[in-house]
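Reader: I would like to learn how to read backbone angles and contacts in a model. Could you walk me through some cases?

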Amino acid sequence: INKIRVTTLGASGGYGYTFVYKKIIYSNCINLGFGTQSTTFHTIDDSDHRQSLDPSIHINAKSALRYDDLWFFTGILATYDNNYAFSKHDFKTENYIAKVVLFAGYRFNIKQNGRKVLKALRLVDY
């Protein structure tokens, strides 16, 4: 196979929840979808192939843990996204993405020293 095209059509629904305890925030959500998928592919012998509509499922899940105070915030975010087709044919298609992100930040008081900070970053010249 040197070229493949996958078309998926369906409906999905999900649920998310955020829990806050003082300066700690925990969020998670999940989204499930069901539908049909059509697959067409081109092989190196120059022939085109098309598979009939097959059932497919889509899963998307996210979770985050964060510490947040007046000046500083940090946390971790994890996400997973998967699409899988239940094919009766030669092969089944599946694609997924998973990632984990660490983040941290600091909030500057722009109202008090905004012009000085922007001038130091050379974003303004006044």
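Predicted model: local features only at pLDDT ≥ 70, side-chain atom pairs only at ≥ 80, totals over all residues.

Reader: Is lysine 22 buried or exposed?

Author: Residues are numbered from 1 along each chain as its sequence is written, and side-chain values use heavy atoms, leaving out hydrogens and water. Buried means under 20% relative accessible area, exposed over 50%, and partly exposed in between (1.4 Å probe, protein chains only). Lysine 22 has a relative accessible area of 70%, so it is exposed.

Reader: What is the phi of lysine 22?

Author: Most residues other than glycine have a negative phi. Lysine 22, not a glycine, has a positive phi of about 55°. Its place is in the loop between β1 (3–21) and β2 (24–42); strands are DSSP runs of E, at least two residues, and helices are runs of H or I, at least four, numbered from the N terminus.

Reader: Where is aspartate 46?

Author: Aspartate 46 sits in the loop between β2 and β3 (48–50). Its phi is also positive, near 70°, and aspartate 46 is exposed at 65% relative accessibility.

Reader: With which side chain does the side chain of arginine 107 make a polar contact?

Author: A polar contact is a pair of N or O atoms within 3.5 Å; within protein, one must be able to donate a hydrogen and the other to accept it, and residues adjacent in sequence count only if both atoms are side-chain atoms. Here the partner is the side chain of aspartate 68, at 3.0 Å. Arginine 107 lies in the loop between β6 (94–106) and α1 (110–120), and is partly exposed at 30% relative accessibility.
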